[in-house]
Amino acid sequence: MEEQGGQAAFGWAARDATGVLSPYSFSTRVPKDDDVTIKVLYCGICHTDLHIIKNDWGNAMYPVVPGHEIVGVVTGVGGGVTRFKAGDTVGVGYFVGSCRSCDSCGKGNENYCAGVVPTSNGVDHAHGGVPTKGGFSDVIVVNEHYVVRVPDGLALDRTAPLLCAGVTVYSPMMRHGLNEPGKHLGVVGLGGLGHVAVKFGKAFGMKVTVISTSASKRQEAIENLGADEFLISRDPEQMKAATGTMDGIIDTVSAWHPITPLLALLKPLGEMVIVGGPSKPLELPAYAFVPGGKGVVGSNVGSVGDCQAMLEFAGKHGIGAEVEVIKMDYVNTAIERLEKNDVRYRFVIDVAGSLGSAA
């Protein structure tokens with residue numbers, strides 16, 4: 001299954017649950033009529049990549065080539081491709097396939113398709129059932145339906161994390177009305193997702209409060225990212241003073257944390273959107289949301305349409321992630337630092353600058 005019959009590709013892969021990445025040669029699948037071949041320029045490192053390479057979810061198909069925050073340039077298109085041409089700057093996010101026939105796909109919500117194919121470590125049934133190889137490599141072949149156009153003027157390294165972190169917060173903000181000027185948005189956690197949520201919230205014209213356990217992030221949140229207020233969730237007095245003041249909350253934290261105190265911050269009928277993925281079940285007592293008619297909803301990345309709209313919005317407002325650009329040979333150190341949350345706020349691999357290209 002390793003030889004997929006396409007062109008030579010080179011990347012870094014994890015071979016076992018140690019998660020250690022090392023150089024890896026493989027071949028892409030043979031491009032079809034509706035496929036786009038992309039030279040990878042930059043790829044962000046998401047916490048999901050860490051979970052996959054270490055087999056935390058028990059589904060790793062080694063060797064795993066991670067990466068789903070991809071910015072690149074089109075080097076070839078199939079005869080049936082209508083939306084892209086060679087030389088276009090494009091992006092690829094969390095998934096590269098879906099069934100295209102279910103209710104979710106029909107409504108443009110491919111991200112909720114039961115047959116969604118992740119960009120990395122996914123089973124691509126439409127192309128022989130081979131495991132998908134992600135953006136920690138120099139070339140990738142993707143059906144044009146799952147490719148988005150990167151607007152002119154965006155810094156490409158800072159754009160890469162928007163393909164996952166950006167759309168993960170943008171999509172629910174749009175869906176749940178957390179994009180209206182003058183509304184008050186709470187952002188729980190100031191990491192890879194949270195810092196982008198602050199930027200989007202301010203660009204929408206909202207009042208934004210960052211909610212964090214770490215007082216050391218106050219200056220960063222307010223002075224550098226433009227948040228209006230900073231709330232320490234472990235401070236009972238601060239939390240009490242903010243009771244009932246927020247129209248909505250985006251919770252980006254992936255570690256277990258109490259959500260009852262956060263629900264108290266919402267106005268009646270307010271909603272908290274959970275986009276993080278704690279492995280331990282969250283505690284949700286009825287008294288925390290029933291009396292105020294409050295909602296707790298989940299959201300998983302975003303559709304292709306969401307992703308394109310997000311990039312257009314980012315281009316209009318000059319929004320990019322705060323990144324630390326690295327070479328591929330630093331990736332294992334970056335993974336170790338990511339485990340310790342030692343990054344501000346997203347590692348991005350300069351793939352083309354450190355691998356060259358076989359494209």
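Reader: In this predicted model, are Asp 35 and Arg 29 buried or exposed?

Author: Both Asp 35 and Arg 29 are buried.

Reader: What makes the pair Asp 35 and Arg 29 a salt bridge?

Author: The closest N and O atoms of Asp 35 and Arg 29 are 2.4 Å apart. The cut-off is within 4 Å, so the pair counts as a salt bridge. Salt bridges that share partners also join Arg 29, Asp 35 and Asp 124 into one network.

Reader: Why is Lys 85 called exposed?

Author: The relative accessibility of Lys 85 is 52%. Exposed means over 50%, and therefore Lys 85 belongs to that class.

Reader: Lys 85 forms a salt bridge with Asp 88; why does Asp 88 count as buried?

Author: Asp 88 has a relative accessibility of 8%. Buried means under 20%, so Asp 88 is buried. In this salt bridge the closest N and O atoms are 3.0 Å apart.

Reader: Why are Lys 183 and Glu 180 called partly exposed?

Author: Lys 183 stands at 23% relative accessibility, and Glu 180 at 38%.

Reader: How many salt bridges cross the interface of domain 1 and domain 2?

Author: The rule finds two across that interface, while a search of the whole structure finds 16.

Notes: Residues numbered from 1 in each chain as written. Predicted model: local features only at pLDDT ≥ 70, side-chain atom pairs only at ≥ 80, totals over all residues. Heavy atoms only, no water. Salt bridge = Lys/Arg side-chain N within 4 Å of Asp/Glu carboxyl O. Buried < 20%, exposed > 50% of the residue type's maximum accessible area, 1.4 Å probe, protein only.
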